[in-house]
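Here is a short briefing on one protein chain. Please look over the sequence and the structure first.

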Amino acid sequence: MKSSTLLMSLILCLIVADVYGNDRQNEKRLKDLIAADARKEPDPRNSFVSGGKARFAGYIKGYDPKQDHSNVTGIIYTSNEFTREDAPYVIEPDSTGWFQVEFELNAPARPYMNIGKARLTPYFEPGLTTALVLDWEDWLANRNKSRDFELTKSFFTGATGRLNNELYELRKIKMENFNNREFENVEEVVSCLTPARDSAIRLLDKALKQKAFLPLTHQLAKNEMMMDYEVLIFSKINAMKYKKAQVVDGVYMIMASSDSIPRGRYDFIKAIPDEPVITASVSFSTFINRYEYCDIFSGSDAFSDIMDDGFIKSGLAETNPDLTGYIELQKEKFRNLGNAWSTDSIDHLLKASWDNIEKKYPNIPVTFKAYQKIKEWNTKASKLEQHGLQAGFFYQTALVRSLNGLLNNDKNDFGQSSARIYIDYIKSNVLTWPLLRDEAESIYASRFENQGYVLPEGKATDLFRKIIEPYTGKMVLIDFWAIWCGPCIHGIKELKPEREKYKDSPDFTMLYFCGDTPKDRYEQLVQEFGLYNSVLLNDSEWNHMRQLFKFNGIPRYVLIGKDGKVITNNFGYTRIFDNTGTSSTDFEKSIEKYFVTP
């Protein structure tokens with residue numbers, strides 16, 4: 001008995017010594033890594049200009065690999081808010097508890113990050129290491145709790161260490177969210193939310209005065225508070241818009257006109273700085289999405305087929321008699337709108353004139369498409385000014401974000417030549433931040449130049465190739481889904497006819513990757529939906545697939561070519577709505593440019 005007890009004590013001592021040795025080794029490793037950073041303190045304004053690599057590194061103090069650590073793998077939900085591209089990265093500690101992730105970051109950011117199910121939102125900056133010493137007992141206490149991580153013994157260190165510790169200390173000071181309250185008008189929203197915001201800011205100011213916080217902590221904490229206020233107002237405005245929406249010809253329509261918006265409705269936007277430092281707010285992603293689609297930018301007058309003098313004045317078209325004659329005919333048509341006979345006669349002349357222009361000057365129709373988008377965004381800028389807002393960083397970001405939808409929408413026939421003219425123009429005349437010009441160029445390249453890519457070598461690619469090996473030589477559409485995702489389940493049901501049609505195809509198959517789902521429930525749904533090609537991934541495998549195919553949200557559709565290259569990591573199929581508002585798929589039309597049905 002004594003020898004057994006002695007043996008157990010010896011083993012325990014060896015484990016403790018091993019853990020302690022790992023901690024000492026990782027502590028030195030982290031110090032050396034932090035020392036290698038070129039800059040020693042955060043500077044969000046400089047980093048927005050420079051961009052580059054960011055790093056998250058650290059170790060789990062007291063980590064015992066012999067204990068249950070199946071859920072230690074984490075993920076950073078990074079994204080490029082200017083191009084709408086997700087870029088999550090897996091956090092996977094090694095046997096000593098050490099973790100290190102390096103990733104591209106174009107601007108300061110505070111993305112969500114999960115370790116287990118516990119959540120953190122640390123500050124990251126290009127060119128710096130955000131370092132975390134994560135206590136094993138802290139992680140065990142938080143691993144299965146979907147909430148903000150409790151840093152009891154854990155702490156951030158390095159160049160961003162003090163900033164992150166201070167921001168974490170202030171995180172619980174938030175304004176009331178009014179989730180369950182409905183409002184009748186914007187004035188009521190603002191009159192209710194503004195006092196709540198001011199009250200929260202007073203609490204924040206009080207906390208900031210209690211000790212010497214960094215000036216950047218003051219700035220980011222207040223920006224975060226103001227951003228929460230902006231997002232909440234936008235959310236309440238949207239809720240009111242949808243509540244008052246109407247069904248027109250079977251289609252759900254939001255009836256809004258930018259002309260009817262009273263001046264001052266969007267004055268609340270002025271409360272936050274319209275400049276790049278705001279990207280370092282947790283809510284920036286939500287805010288810029290709401291801003292981009294706010295009803296200041298709506299209204300049919302922003303979109304016009306009219307060719308006016310501005311087309312020539314913009315420098316996009318050379319003056320010639322045919323072009324000036326066509327413009328004069330359009331002016332004549334509008335002078336005679338009340339005369340049906342004259343209008344009809346002019347329409348015939350316009351058509352003949354345009355046919356002549358297309359034959360003699362084939363570059364003009366291409367250039368005019370670019371000009372239409374330029375005019376649209378000039379109109380949006382003028383509407384902002386009418387509401388007392390500037391066409392600054394928010395406006396330019398919204399413009400760049402719109403490029404993805406413009407260039408990847410097959411319906412609008414906005415081809416490569418028009419896109420080149422349009423992007424060159426906005427880079428020279430609208431976009432004042434170099435990063436935004438670079439992002440506009442990258443969107444163009446991803447649409448017209450980078451057609452298909454080879455997966456990078458590594459653990460995730462090895463796993464993926466092993467799974468799809470039985471389908472070598474086929475084109476594969478992969479659907480990433482989970483049981484809790486309503487749109488995922490809807491898509492699975494919606495594509496059942498196509499799934500059955502291609503079940504035995506020698507050239508094409510549909511494959512389903514499921515994550516974040518209990519095995520028993522997964523097996524039940526596979527049987528229910530007839531998912532003959534489906535794989536259940538564990539948490540680590542699921543996170544690696546997210547990183548490999550760059551997605552934060554689901555459903556996500558990835559199309560793999562017969563040669564194994566990724567044709568697109570964000571495939572979308574067309575939905576057709578009938579006059580009752582019911583949708584149906586046009587799957588074959590969506591995929592025909594990639595695949596010819598056998």
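In which loop does K550 lie? K550 lies in the loop between α19 and β16. The model is predicted: local features need pLDDT of at least 70, side-chain atom pairs count only at pLDDT 80 or more, and totals for chains, interfaces and linings use all residues. Residues are numbered from 1 along each chain as its sequence is written, and side-chain values use heavy atoms, with hydrogens and water left out.

**Overall make-up**

- The protein chain has 20 helices and 19 strands. Both are DSSP runs numbered from the N terminus: helices are H or I with at least four residues, strands are E with at least two.
- Of the 598 residues in the protein chain, 48% are buried. Buried means under 20% relative accessible area, exposed means over 50%, and partly exposed is in between (1.4 Å probe, protein chains only).
- Take the contacts between residues at least 6 apart in sequence: 71% of them join residues at least 24 apart. Contact means heavy atoms within 4.5 Å.

**The open sheet**

- An open sheet is formed by 4 strands, in the order β5-β2-β7-β8, with antiparallel pairing. Two strands pair if DSSP finds at least two bridges between them.
- Its edge strands are β5 (89-91) and β8 (118-120), each pairing on one side only.
- From one strand to the next, the twist averages 25 degrees.
- β2 (residues 74-76) and β5 pair over 3 bridges in the antiparallel sense. I75 has V90 of β5 as its bridge partner.
- Helix α19 (residues 539-549) packs on the sheet and touches β2 and β5. The direction of α19 makes about 150 degrees with that of β5. Axes are lines fitted to C-alpha atoms, for helices over the stretch in contact, and angles run from 0 to 180 degrees between N-to-C directions.

**Helices α7 and α12**

- The axes of α7 (residues 284-292) and α12 (residues 393-407) come within 10 Å and cross at roughly 80 degrees.
- The two helices, α7 and α12, are therefore roughly perpendicular to each other. Angles of 65 to 115 degrees count as roughly perpendicular, under 35 as roughly parallel, over 145 as roughly antiparallel, and the rest as oblique.
- On the α7 side, the contact is made by F284, F287, I288, N289, Y291 and E292. On the α12 side, F393, F394, Y395, T397, A398, R401 and S402 take part.
- The residues of this contact divide into 8 nonpolar, 3 polar and 2 charged. Here Ala, Val, Leu, Ile, Met, Phe, Trp, Tyr, Cys and Pro count as nonpolar, Asp, Glu, Lys and Arg as charged, and the others, Gly among them, as polar.

**The loop between β14 and α18**

- T517 is found in the loop between β14 (508-514) and α18 (519-529). T517 is buried, with a relative accessible area of 12%.
- A polar atom of the T517 side chain lies 2.9 Å from the backbone oxygen of G515. A polar atom of that T517 side chain also lies 3.3 Å from the backbone nitrogen of I483.
- Leaving aside neighbours within four places in sequence, T517 is in contact with A482, I483, Y522 and L536.
- D516 lies in this loop too. D516 is not a glycine, yet has a positive phi of about 55 degrees. D516 counts as partly exposed because its relative accessibility is 35%.

**The loop between α19 and β16**

- K550 has a phi near 55 degrees, a positive value in a residue other than glycine. At 42% relative accessibility, K550 counts as partly exposed.
- P555 lies in the loop between α19 and β16 (556-560). A cis peptide bond joins I554 and P555, with omega about 5 degrees.
- Most residues other than glycine have a negative phi, and most peptide bonds are trans.

Definitions and conventions
A polar contact is a pair of N or O atoms within 3.5 Å; within protein, one must be able to donate a hydrogen and the other to accept it, and residues adjacent in sequence count only if both atoms are side-chain atoms.
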